[in-house]
Amino acid sequence: MDISVIVPLYNEEESLPELFAWIKRVMEANHFSYEVIFVNDGSTDHSWQVIEHLAEEADQVKGIKFRRNYGKSPALYCGFKEAQGDVVITMDADLQDDPDAVDDMVREYLQGAEIVYGVRDNRDTDTAFKRGTAHAFYSLMKWLGTENVPDHADYRLMSRAALSALSQYKESNLFLRGLVPSLGFKTAKVYYKRGTRVAGESK
């Protein structure tokens with residue numbers, strides 16, 4: 001199986017080498033063929049230089065560089081268009097999304113799920129304010145009629161069929177967390193413990 005891992009990022013120079021090493025370990029332990037696409041969303045630090053270095057050291061690494069910061073959803077969508085894998089897995093660059101959950105995601109896919117959501121099983125690392133605002137956000141989205149998956153951010157697996165359906169949307173302001181659940185495909189959830197940020201600040 002060929003897997004494309006898409007990582008959107010903004011000013012994450014410190015975390016990228018460790019993140020790639022972690023992804024590489026998980027992929028090779030499971031004998032997956034893979035590529036990692038780093039989408040540099042207008043970073044002002046040395047993130048792009050780090051990506052270039054990783055690409056020189058590993059054939060699996062590809063980089064996309066935006067001229068300015070466009071936002072996470074456009075960065076992910078750009079990665080979708082470049083991905084060559086049978087499935088695409090998206091994750092954040094800060095190592096809070098546990099790469100070890102990839103094996104469970106692939107297992108759900110092989111059992112028929114076209115979309116697999118990574119859902120955090122706790123919010124222990126969040127402040128009380130962040131927990132409260134997060135739950136208020138999910139409640140508001142539900143009240144507005146938007147489908148969403150509580151405690152899921154952008155850690156997910158999508159099949160080629162799901163990506164093809166997503167490409168039919170022509171919105172200029174993408175809200176992937178709302179669009180993906182509306183696609184109508186069979187889904188599954190994988191629960192994981194969200195870690196602490198290894199470096200830098202939340203963007």
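What covers the buried residues of α2? The cover includes β1 (2-9), α1 (16-29), β2 (33-40) and β3 (61-65). Helices (H or I, at least four residues) and strands (E, at least two) are DSSP runs, numbered from the N terminus. This is a predicted model, in which local features need pLDDT of at least 70 and side-chain atom pairs count only at pLDDT 80 or more, while totals for chains, interfaces and linings use all residues. Residues are numbered from 1 along each chain as its sequence is written, and side-chain values use heavy atoms, with hydrogens and water left out.

Helix α2 spans residues 47-57, and its buried residues are S47, W48, V50, I51 and L54. Buried means under 20% relative accessible area, exposed over 50%, and partly exposed in between (1.4 Å probe, protein chains only). Seen down the axis of α2, these buried residues fall within an arc of 155 degrees, so they line one face of the helix; the arc is that of the directions from the helix axis to the C-beta atoms. The exposed residues E56 and E57 are carried by the face turned away from the buried side.

In soluble globular proteins, nonpolar side chains tend to be buried together. Here the largest nonpolar core has 36 residues, and I3, F38, M91 and V102 have the most contacts inside it. Such a core is a set of buried Ala, Val, Leu, Ile, Met, Phe, Trp, Tyr and Cys residues joined through side-chain atoms within 4.5 Å. Elements that give two or more residues to this core include α2, β4 (87-90), α4 (102-110), β6 (152-159) and β7 (187-192). The largest share, 6 residues, comes from α1. Leaving aside neighbours within four places in sequence, M91 is in contact (heavy atoms within 4.5 Å) with residues including V5, L19, V102 and D154. A second, separate core of 25 residues includes L76, C78, Y117 and V119.

The count of salt bridges comes to 7, each being a side-chain nitrogen of Lys or Arg within 4 Å of a carboxyl oxygen of Asp or Glu. One of them joins K72 and D154 (3.1 Å, N to O). K72 lies in helix α3 (residues 72-82) and D154 in strand β6, so the pair ties together parts that are 82 residues apart in sequence. K72 is partly exposed at 30%, whereas D154 is buried at 6% relative accessibility. D154 also meets R156 in a salt bridge (3.0 Å, N to O), and R156 is buried, with a relative accessible area of 0%. Through shared partners, salt bridges join K72, D92, D154 and R156 into one network.
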